[in-house]
Amino acid sequence: MKNAPLTLPCRYATINETCDLFGFSRSTFYRMLEDPDLGLKQVVVRIPPVTGRIRVPVDAFEALLRRKSRGRS
């Protein structure tokens, strides 16, 4: 039996960490969060759910940005 490939756990970042990683402001992040066409609200995680602090799964956020940038081309 072959070993299953190693998968690393998803990294979750705060809004500040996400903005630092991707080089934009918190106000830009919040505008993106409210943009229904972007779909960021479906990507982020709130702790506790619904009204809590936002955590951003870095891999999913990066994929979202890639998809969005391809759509503009």
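**Briefing: Core, Aromatic Rings and Salt Bridges**

Y30 has a relative accessibility of 35% and therefore counts as partly exposed; buried means under 20% relative accessible area, exposed over 50%, and partly exposed in between, with a 1.4 Å probe and protein chains only. The model is predicted, so local features need pLDDT of at least 70 and side-chain atom pairs count only at pLDDT 80 or more, whereas totals for chains, interfaces and linings use all residues. Residues are numbered from 1 along each chain as its sequence is written, and side-chain values use heavy atoms, with hydrogens and water left out.

**Nonpolar core**

- The largest nonpolar core comprises 14 residues, and F29, L40, V44, I54 and F61 have the most contacts inside it. (Such a core is a set of buried Ala, Val, Leu, Ile, Met, Phe, Trp, Tyr and Cys residues joined through side-chain atoms within 4.5 Å.)
- At least two residues of this core come from each of helix 1 (15–22), helix 2 (26–34), strand 3 (53–57) and helix 3 (58–72). Helices (H or I, at least four residues) and strands (E, at least two) are DSSP runs, numbered from the N terminus.
- Helix 2 supplies the largest share of this core, three residues.
- Apart from neighbours within four places in sequence, I54 is in contact (heavy atoms within 4.5 Å) with A13, T14, I15, F29, L33, V44, V45 and R46.

**Aromatic rings**

- Four aromatic pairs are present in the structure. Rings of Phe, Tyr and Trp (its six-membered ring) pair if their centres lie within 6.5 Å; planes under 30 degrees apart count as stacked, over 60 as edge-to-face and the rest as tilted.
- The pair of F24 and F61 is tilted, because the ring centres are 6.1 Å apart and the planes stand at 55 degrees.
- This pair links distant parts of the chain, with F24 in the loop between helix 1 and helix 2 and F61 in helix 3, 37 residues apart.
- F61 is buried, with a relative accessible area of 0%.
- F29 and Y30 form an edge-to-face pair, 5.9 Å centre to centre with 85 degrees between the planes. F29 counts as buried at 0% relative accessibility.
- Ring pairs join F22, F24, F29, Y30 and F61 into a cluster.

**Salt bridges**

- The structure holds two salt bridges, each defined by a side-chain nitrogen of Lys or Arg within 4 Å of a carboxyl oxygen of Asp or Glu.
- E34 is bridged to K41, with the closest N and O atoms 3.3 Å apart. K41 is partly exposed, at a relative accessible area of 46%.
- In the salt bridge of E62 with R66, the closest N and O atoms are 3.8 Å apart. E62 and R66 are four residues apart in helix 3, so about one helical turn separates E62 from R66.
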